[in-house]
Amino acid sequence: MQHPPVSALPLSGVKVLDLSAYIAGPYGCALLGDMGAEVIKIEPPEGDNLRKYPSTLASESRAFLGINRNKRGLCLNLKDEAGYEVLTRLVREADVLVHNFRPGVPERLRIDFATLAAINPRLVYCAMTGYGAAGPMAGHAGYDQVLQSMTGMCASQGKADGPPEILYGSVVDYYGAALISNSVAAALYQREKTGRGQAIEVSLLGSALAMQSARLVWAENEPRRIERDMRSGGITGIHPTREGHLYISANTPHFWRSLCGHLGLAELAEHPDYDTVKRRAAHAAVLIPQVREALARRSAAEWAELFGQSVPCAVVNRVEDMFDHPQVQAMGFMQSLSNPAAGNYVGLAQWAHFAPDGTVHDTAAPARIGAPTLGEHSREILAGLGYGEQDIDALMGREAVR
């Protein structure tokens, strides 16, 4: 499946200034870039700290490459008056600005909403914070696993008789990024009706709570401490096979009967003790040994092939198995990208397909760009703002720009 040209993507023509660091803010901007926006990543002279995180890539952080696709890079010293002037020129022609500074810092840097909206009233201004702009923790630094621990995610992830467990993969950051792109898109839509931009605040605390909406229901007269998880239990879960592990979901009557049939356990399919998800969970100690004994006859890959569409399942893969997975390839999710330091690499290129006429496009999308090196496009961006070569040299000489 091919993607439409960038010019046909829904945010084509939208200019985004990304002043954020780490994951949530930058990835929110990457998602906007995936939808066609022109994104400029503006880093301080020391660069985004994510560049310095441990990585098995020698030249650049793997996380930085994955988080910052589809951006041009500008290195700017906002504490220098000339560097600040460059930013104001960018703001005049920008549609969106995203940052993740703690409350109070934007005012000190003169990049708060009131200041920038006076320069460009159409600016959509999005602040990603740890805990929000109000309350006793507003000034605290917020990070993914800090918020996981605070909001009950780690306690829920841990086993009943074990310690709390971290959910690895920066799940709060990534969900926060999705909320950024969603909120910015909504604000751009509203701007089409009103002609004016607005300030948006997205927080990691709000993101962590939003992820747990199914748990965060406290009915009248319920005790405060009560089981709030919605795990199916019973058969649903990861099981060992002759070779490898297989995840199985058999919650509906249809899928339960299909699973039993494939496993040679037809007598379990209609047993009244096991005819609902709740009853199967209650009798897990009886059912799971029988299911696993049957699964031991084949490998995980063989069972997945045999089950096909009749039983929802997945071989438990490693993440690198996704690069050449046939379904991933068929959907065109991965693409060859490049970075001057890291060289050529394969990475996620698109996660949604936009087809205005409802048909699959026959032409390939123009090549998207990989994550930039620090200040990679500084000269190009400054020239686009009207700076001459001598002006650019002067800015770089005084280290207002790098």
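Colleague: Why is Asp393 called partly exposed?

Modeller: In this predicted model, Asp393 has a relative accessibility of 39%. Buried would need a value under 20% and exposed one over 50%, so Asp393 counts as partly exposed.

Colleague: And what makes Asp393 and Arg379 a salt bridge?

Modeller: Their side chains come to 2.6 Å, N to O. The cut-off is 4 Å between a side-chain nitrogen of Lys or Arg and a carboxyl oxygen of Asp or Glu, so the pair qualifies. Asp393 belongs to helix 17 and Arg379 to helix 16 (residues 378–384), 14 residues apart. Arg379, with a relative accessible area of 36%, is partly exposed too.

Colleague: Are Asp80 and Arg398 buried or partly exposed?

Modeller: One of each! Asp80 has 13% relative accessibility, and because the limit for buried is under 20%, Asp80 counts as buried. Arg398 has a relative accessible area of 49%; exposed would need over 50%, so Arg398 is called partly exposed.

Colleague: What makes Asp18 and Lys71 a salt bridge, and where in the chain are they?

Modeller: The N to O distance between their side chains is 2.7 Å, against a cut-off of 4 Å. Asp18 lies in strand 1 (residues 15–18) and Lys71 in strand 3 (residues 71–75), 53 residues apart. Both Asp18 and Lys71 are buried. They also belong to a network of salt bridges with Lys41 and Asp48. The structure holds 18 salt bridges.

Colleague: Let's turn to Ser207. Why is Ser207 called buried?

Modeller: Its relative accessible area is 0%, and buried means under 20%, so Ser207 is buried. Ser207 is part of helix 9 (residues 204–210), and among its contacts beyond four places in sequence are Val172, Tyr175, Gly176, Leu179 and Val202.

Colleague: What makes the pair Ser203 and Ser207 a polar contact?

Modeller: A polar atom of the Ser207 side chain lies 2.8 Å from the backbone oxygen of Ser203. That is set against a limit of 3.5 Å for N or O atoms.

Colleague: Which residues of helix 10 are buried, and what covers them?

Modeller: In helix 10 (residues 253–263), the buried residues include Trp256, Ser258, Leu259, Cys260 and Leu263. Their cover includes strand 8 (245–248), helix 11 (266–269), helix 12 (277–282), helix 13 (284–295) and helix 14 (300–307). After helix 10 comes Gly264, with a positive phi near 75°.

Colleague: How do you know where there is empty space?

Modeller: Rolling a probe the size of a water molecule over the atoms shows where empty space is left. Here, the largest pocket has a volume of about 1100 Å³. Its lining has 42 residues, and Ser20, Ala21, Tyr22, Asn100 and Phe101 are the closest to the centre.

Colleague: Which helix gives the most to that lining?

Modeller: Helix 4, with 3 residues. Elements supplying at least two residues each include helix 1 (24–34), strand 2 (38–43), strand 5 (124–129) and helix 6 (144–150). By type, the lining divides into 22 nonpolar, 12 polar and 8 charged residues.

How values were computed
Residues numbered from 1 in each chain as written. Predicted model: local features only at pLDDT ≥ 70, side-chain atom pairs only at ≥ 80, totals over all residues. Heavy atoms only, no water. Helix = DSSP H or I, 4+ residues; strand = E, 2+ residues; numbered from the N terminus. Buried < 20%, exposed > 50% of the residue type's maximum accessible area, 1.4 Å probe, protein only. Polar contact = N/O pair within 3.5 Å; in protein donor to acceptor, adjacent residues only side chain to side chain. Contact = heavy atoms within 4.5 Å. 1 Å grid on protein atoms, 1.4 Å probe; cavity = no way out; pocket = protein on both sides within 12 Å on 5 of 7 lines; lining within 4 Å. Points joined across faces, edges and corners; volume = space filled by probe spheres on them. Nonpolar A, V, L, I, M, F, W, Y, C, P; charged D, E, K, R; others polar.
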